[in-house]
There are 2 protein chains.
Amino acid sequence: MAKRAPRRTDGLSKEVIVQAAAAILDDGGEAALTFRALTARLSTGYGAIYHHVANKSDLLAAATDAVIARVMGDAVVEAEPREALRTVSLGLFDAIDAHPWVGAQLSREPWRPALLEVYERIGGLLEALEVPERALFDAAGALVNYVLGVAGQNAANARLLTDGEGDRAAFLATVSAQWESLAPEKYPFVHKAAAHLREHDDREQFLAGVDLFLAGVATLR
Amino acid sequence: MAKRAPRRTDGLSKEVIVQAAAAILDDGGEAALTFRALTARLSTGYGAIYHHVANKSDLLAAATDAVIARVMGDAVVEAEPREALRTVSLGLFDAIDAHPWVGAQLSREPWRPALLEVYERIGGLLEALEVPERALFDAAGALVNYVLGVAGQNAANARLLTDGEGDRAAFLATVSAQWESLAPEKYPFVHKAAAHLREHDDREQFLAGVDLFLAGVATLR
DNA sequence: ACCTGAACACCGTTCAAGT
DNA sequence: ACCTGAACACCGTTCAAGT
């Protein structure tokens with residue numbers, strides 16, 4: 001009886017490891033990604049992984065970069081900058097919604113190389129929108145931050161729902177009921193917002209925010 | 001020789017525990033908050049803490065709520081809604097900058113009771129700004145998300161700087177140099193942005209984003 | 001009711017040893 | 001060069017036992 005597990009015949013690579021990590025993250029969320037789970041999935045040892053990856057942080061960062069790079073690669077080039085900005089923003093939103101761990105990671109390490117592409121694309125499109133030079137960088141920073149910020153918050157909700165058992169409608173109904181039960185004299189706005197909360201569509205609300213932003217940018221011209 | 005540490009004479013309470021946790025978080029960042037560090041600081045045992053607090057998540061949430069509640073309590077009521085919105089936003093930004101762990105926590109659990117106050121205040125002020133009913137909730141959601149999102153990103157940077165050794169100027173110079181070294185044909189925007197990055201003020205850029213947002217909101221009237 | 005601290009079931013990471 | 005897996009130094013959390 002062999003004491004050791006059979007050795008992998010195909011070589012390991014950072015890419016293979018990062019892809020396996022992403023699969024684990026997608027399946028079970030952030031808590032599921034452990035080196036033990038990773039060695040099991042790859043039928044290998046700890047050292048083999050550490051040979052290709054510096055540590056867990058490095059692994060998460062690489063997996064995040066891969067997702068963002070894919071989104072930016074997929075995003076079609078549109079003629080009209082305003083529409084293109086909406087498309088790029090929504091692409092990021094959807095990717096982070098599909099991979100909630102990406103949202104958490106981006107808010108933890110916002111200077112990743114992957115975001116270079118995002119800044120370039122969004123900045124370039126704002127330039128095409130004829131935003132004046134003096135406001136261009138503030139506008140780009142604000143829009144990128146809005147997109148990542150909202151997508152991250154949304155991802156947190158998505159995580160809450162997959163980690164727990166409940167479905168989205170039930171969760172929103174609970175929060176909505178809480179808001180509704182607040183004294184209208186003390187919380188007039190939140191009290192009124194409760195009804196909207198139950199029916200709102202996250203994607204639409206996200207896009208409404210992008211549009212508000214672009215409307216603000218348009219006043220600068 | 002007594003085998004056991006002397007028993008606390010004053011009683012423990014959730015408030016005392018939460019405050020001690022906040023102090024540890026402020027001192028050493030998120031990694032420093034362990035139950036071992038907490039028992040040492042409070043001269044108590046694990047069970048004592050678990051008697052007042054459900055688990056670590058609960059502890060972090062309570063500490064976050066306390067910080068946000070303080071900010072919202074401190075925020076002065078201003079006559080002019082536009083100025084009041086800037087004040088509230090900046091108050092949140094500064095609080096999260098001073099306590100970076102709050103930013104991380106809020107992006108992890110965005111439905112905390114503490115945020116009720118934030119939604120109420122910001123929503124109410126937008127209402128005072130005569131934002132039409134149909135757009136009010138999207139606008140409030142977007143603005144709150146922008147504020148928390150940017151503040152969270154900023155907090156991540158702050159964390160990067162305190163956890164590592166470097167100072168802010170050196171860090172920005174490094175990123176800026178990286179951006180500048182990119183091929184201007186491939187990254188025209190980021191290449192140009194490098195100079196701005198070195199000199200920009202996070203607070204000012206944050207406020208510029210709030211203003212862009214409010215300008216967009218103003219077009220709805 | 002409130003508190004103590006040994007013990008348990010996990011982590012990420014290291015490293016001597018294998019091929 | 002690349003890989004294995006026992007071992008180490010941590011975690012959060014539990015719980016029988018104390019006051």
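**Exercise 1.** Work out whether A:Ala48 is buried, exposed or partly exposed.

*Solution.* Start with the relative accessible area of A:Ala48, which is 26%. Buried means under 20%, exposed over 50%, and partly exposed in between (1.4 Å probe, protein chains only). So A:Ala48 counts as partly exposed.

A quick note on the model: it's predicted, so local features need pLDDT of at least 70 and side-chain atom pairs pLDDT 80 or more, while totals for chains, interfaces and linings use all residues. Residues are numbered from 1 along each chain as written, chains are lettered from A and ligands numbered from 1 in written order, and side-chain values use heavy atoms, leaving out hydrogens and water.

**Exercise 2.** Find what A:Ala48 is in contact with, leaving aside neighbours within four places in sequence.

*Solution.* Take contact as heavy atoms within 4.5 Å. That gives A:Leu12 and A:Ile17. A:Ala48 itself sits in helix α3, residues 46–52 of chain A (helices are DSSP runs of H or I, at least four residues, numbered from the N terminus).

**Exercise 3.** Describe the surface near DNA strand D.

*Solution.* Call a residue near the strand if one of its heavy atoms lies within 4 Å of it. Then 23 residues surround DNA strand D, with A:Gly47 and B:Lys56 among the closest. α3(A) gives the most, 5 residues.

Note on methods: Helices (H or I, at least four residues) and strands (E, at least two) are DSSP runs, numbered from the N terminus. Ala, Val, Leu, Ile, Met, Phe, Trp, Tyr, Cys and Pro count as nonpolar, Asp, Glu, Lys and Arg as charged, and the others, Gly among them, as polar.
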